[in-house]
Amino acid sequence: MSDGIEALRHRIDSTADLQSVVRTMKALSASNIGQYERAVHALEEYNRTVELGLMACLRQPDVPLLVTEPQPAAHVATGVIVFGTDQGLVGQFNDLLADYVTHSLSALPGDKQVWVVGERMRDRLEDSTLPLVDLLHVPNSLNAVTALVGQLVVAVETARERGKISGLYLYHNRPGEISGHYEPVNQRLLPLDAAWQQHLRAQPWLTNKLPETLGSSLQTLAALIREYLFVSLFRACAESLASENASRLVTMQRAEKNIGEMLEGLTHSYHQLRQEGIDAELFDIVAGFDSPS
């Protein structure tokens, strides 16, 4: 009897420790969601500044409408960046995005070169026919996002300069309107969309004065396109991290509920077994008292 009680007591203690870990992970996920969502909101102002710079450049007479479609070439591929996760406990986060990526890219002609962020996503895409160029690790803090995005921008620009890719597509999970939900999305970053360029050209300027650029308009435009890539990748990474933590929060909430029910059942069994032990001891005492000496 004592062995059974001790075993139950050990299971209760272990389950309580696991419950504490789950609660800590849930609190961290909730905190991380807030900071990544604030980062996305703060980035909107910088993105607006970049768009104003592009508006000014595209309105210059010496800047033509940029090429909007990849130039066909047998040896030139389409670049793809996919944001996934390094860690688990995120439900179907990586599976849904991997299915979305493979299905979406199957409709695009030509070869692809894929940069993957996150080991878990790399594992999901390895079974496909997509050639993985490089694996990058998911940043563990908001400050580390800048370094990752800078690394991606350099890799993309190098591949374009060497003529290895002609276009660039971006895939990631974005937080949904309902808390804890997310959806896979994609965006063509390069070449710049013609309708988007025309829209920027047609936007009214903030003042009555015509905008001008210092130095070469084409050089300024190239620098602003680089910032446009940086902003787009930074937003995608922050949205992916917010979605990841939202998915983990839901998983932890479900786990906390299951652990609570398990702990309740173990505690009930423990008290019942302990009461049975006490009753057995009392029965032995009473039986010994009633037996003739």
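1. Gly 265 counts as partly exposed, because its relative accessibility is 34%; the class covers values between buried, under 20% relative accessible area, and exposed, over 50% (1.4 Å probe, protein chains only). Gly 265 sits in helix α6.

2. Ground rules. This is a predicted model: local features need pLDDT of at least 70, side-chain atom pairs count only at pLDDT 80 or more, and totals for chains, interfaces and linings use all residues. Numbering starts from 1 along each chain as its sequence is written, and side-chain values use heavy atoms, with hydrogens and water left out. Helices (H or I, at least four residues) and strands (E, at least two) are DSSP runs, numbered from the N terminus.

3. Helix α4 covers residues 143-161. Its 19 residues should span 27 Å at 1.5 Å a residue, and the end C-alpha atoms are 29 Å apart, which agrees. The expected span is 1.5 Å times one less than the number of residues. Gly 163 follows α4 and has a positive phi, near 75 degrees.

4. The buried residues of α4 are Val 145, Leu 148, Val 149, Leu 152, Val 153, Val 156 and Ala 159. Seen down the axis of α4, they fall within an arc of 140 degrees, so they line one face of the helix. The arc is taken over directions from the helix axis to the C-beta atoms. Turned away from that buried side are the exposed residues Asn 143, Ala 147 and Glu 161.

5. The largest nonpolar core has 40 residues; Leu 54, Ile 81, Phe 83, Leu 152, Leu 189 and Leu 233 touch the most other members. Elements giving two or more residues to this core are α1, β1 (77-83), β2 (112-117), α4, β4 (165-175), β5 (182-190) and α6. α6 gives the most, twelve residues. Such a core is a set of buried Ala, Val, Leu, Ile, Met, Phe, Trp, Tyr and Cys residues joined through side-chain atoms within 4.5 Å.

6. The largest pocket holds about 310 Å³ of space. A pocket is an open set of points on a 1 Å grid over the protein atoms alone, where a 1.4 Å probe fits, with protein on both sides within 12 Å along at least five of seven lines; lining residues have an atom within 4 Å of a point. Grid points are joined across faces, edges and corners, and the volume is the space filled by probe spheres set on them.

7. Of the 14 residues lining the largest pocket, Asn 32, Gln 87, Glu 244, Asn 245 and Arg 248 lie nearest its centre. α1 (2-58) and α6 (217-290) each supply at least two lining residues. The largest share, five residues, comes from α1.
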